[in-house]
Amino acid sequence: MSSSHSDQYINAYMNFMDQSPTSYHAVAVMAAGLHQAGFHAQKETDPWDVRPGGHYVVRDGAMIAYVIPPQAASASTTDRESVGKNNAENKNDDGARHPAYRIIGVHTDSPALALKPTPQSTTSDGWGQLAVEVYGGALLSSWLDRELCVAGRVVDKTGATHLVGTKPIARVPQLAIHLDRKVNEGLELNPQKHIHPVWTVDDDSADIMDIIAESAGLSNKREIIGWDLKLVPTQKAATFGAHSQFIASGRQDNLSSVFAAFHVLHQLDTDAIPGDDILVFVANDHEEVGSGTRSGAAGPFLEDVLHRTAVALGYDADGEARMMARSVCISSDAGHSVHPNYAERHDPDTRPMMGRGPMVKINANQRYVSDAVGEAIWQRACETAGIQHQAFVSNNAMPCGSTIGPITATRLGMVTVDVGIPLLSMHSAREMSHEYDCFALSKAMDALWTMESLEYGQ
């Protein structure tokens, strides 16, 4: 791999993370980038566009982009009758004329502190505090003593949505060791009592909603009638290490996967895609809290897009089912590197290490849905890309997390494989990755989308 290309990628990745404090910001950055690259914005309330080229649709903090190759667009709605005739005449063929979906699935959200409906209070001693609720499985101790901003979206009286991103404005101060001599024997944090950021002192006039309104470009807080706002750390992404090979930043779970796929799409020559398979990038929201929302993987967003695309291309129900049967989803979400100080927490024989490439994630109980077929497809993509790759499996005595992979496989019934880069400090306010793994993941995704064929035995 070219060092200069890798350096450019890492710089762009860190800039993307700095611009993406919430899922809404990440989607806005990607929408602007894809529009600049010639992708067409698709509204869900408009007729579905399947012209050759790239398209994207935004739903709250989620996005789906899809690329229609010229070959796939030949079955347009103007040819609906002939397509139906061909389908009827070829019921016993091998299905080769039906394009497949090549899907890369990620999630845009990360643990954070969500602003409550009554957003501020004042203690009897004069401290002004912001009321928050923990979003997702945050590593709470890492959120202490960090400068936090308020970021997200608000809706005004007209129904318009505005992005918000304030200056550093709050902090959760930790109790001094002098007042808790046993703190190093084990820190216990009550989310309601101890995760309560301070932002003013002896200031009855300060109103957080006025500051949020100003950030949103609104005249005053009375213009705001709804919000989805979070407190997030403001420290920028940075590299460190003997050769600056490590990356430190919040939200690498899962912006590492989001950016890898987005970068490929942004650079893609949509006129030169081999074959007729349709490329799909789905960036779901709310994975960290179970995915059960209209913009989460358990919701209908992806299924809606795939169905409307097949119908707009002229396929009937049987044709669409044949497309789905040939399709593949790569579910990309960060995983765990072996930790040098807790090596016994990992499987004794499968030892994924930071800097040795992205991992295929395996679990016998299907918390990850990688199987032999999916693993073979992933390995082929890695070999085509010329990258190192490795495997992850949990220690049997440790509970295993999960991803959007099992949800997607269950909803759509297609071959799905779970992959991701190895991290340290996952769900910390400041996670750690390796530049090689980040760049290599994007190269593998590029190979998956541009290989001439993904055919596999059934």
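Asp60 is partly exposed, with a relative accessibility of 25%. The model described here is predicted.

**Salt bridges around Asp60**

Asp60 forms a salt bridge with Arg153. The closest N and O atoms of this pair are 3.2 Å apart. Asp60 lies in the loop between S2 and strand S3 (62-68), while Arg153 lies in strand S7 (residues 148-156), so the bridge ties together parts 93 residues apart in sequence.

Asp60 also meets Arg294 in a salt bridge, at 2.9 Å from N to O. Here the partner sits in the loop between strand S13 (278-284) and helix H6 (301-312). Asp60 and Arg294 are 234 residues apart, and the pair links distant parts of the chain. Salt bridges with shared partners join Asp60, Arg153, Asp228 and Arg294 into one network.

**Another pair**

The structure holds 14 salt bridges. One of them connects Glu44 with Arg59. Their closest N and O atoms are 2.5 Å apart. Glu44 is in the loop between strand S1 (40-41) and strand S2 (53-59), and Arg59 is in strand S2. The two residues are 15 residues apart, and this pair too links distant parts of the chain.

How exposed are these side-chain partners? Arg59 counts as buried because its relative accessible area of 6% is under 20%. Arg153 is buried too, at 16%. Glu44 is partly exposed, at 28%. Arg294 is partly exposed as well, at 48%.

| Salt bridge | Closest N and O atoms |
|---|---|
| Glu44 and Arg59 | 2.5 Å |
| Asp60 and Arg153 | 3.2 Å |

What is the strand order?

S7 and strand S10 (residues 224-233) run antiparallel and are joined by 9 bridges. Val150 has Leu231 in S10 as its bridge partner.

Which helix packs on the sheet?

Conventions: Residues numbered from 1 in each chain as written. Predicted model: local features only at pLDDT ≥ 70, side-chain atom pairs only at ≥ 80, totals over all residues. Heavy atoms only, no water. Salt bridge = Lys/Arg side-chain N within 4 Å of Asp/Glu carboxyl O. Helix = DSSP H or I, 4+ residues; strand = E, 2+ residues; numbered from the N terminus. Buried < 20%, exposed > 50% of the residue type's maximum accessible area, 1.4 Å probe, protein only. Pairing = 2+ DSSP bridges.
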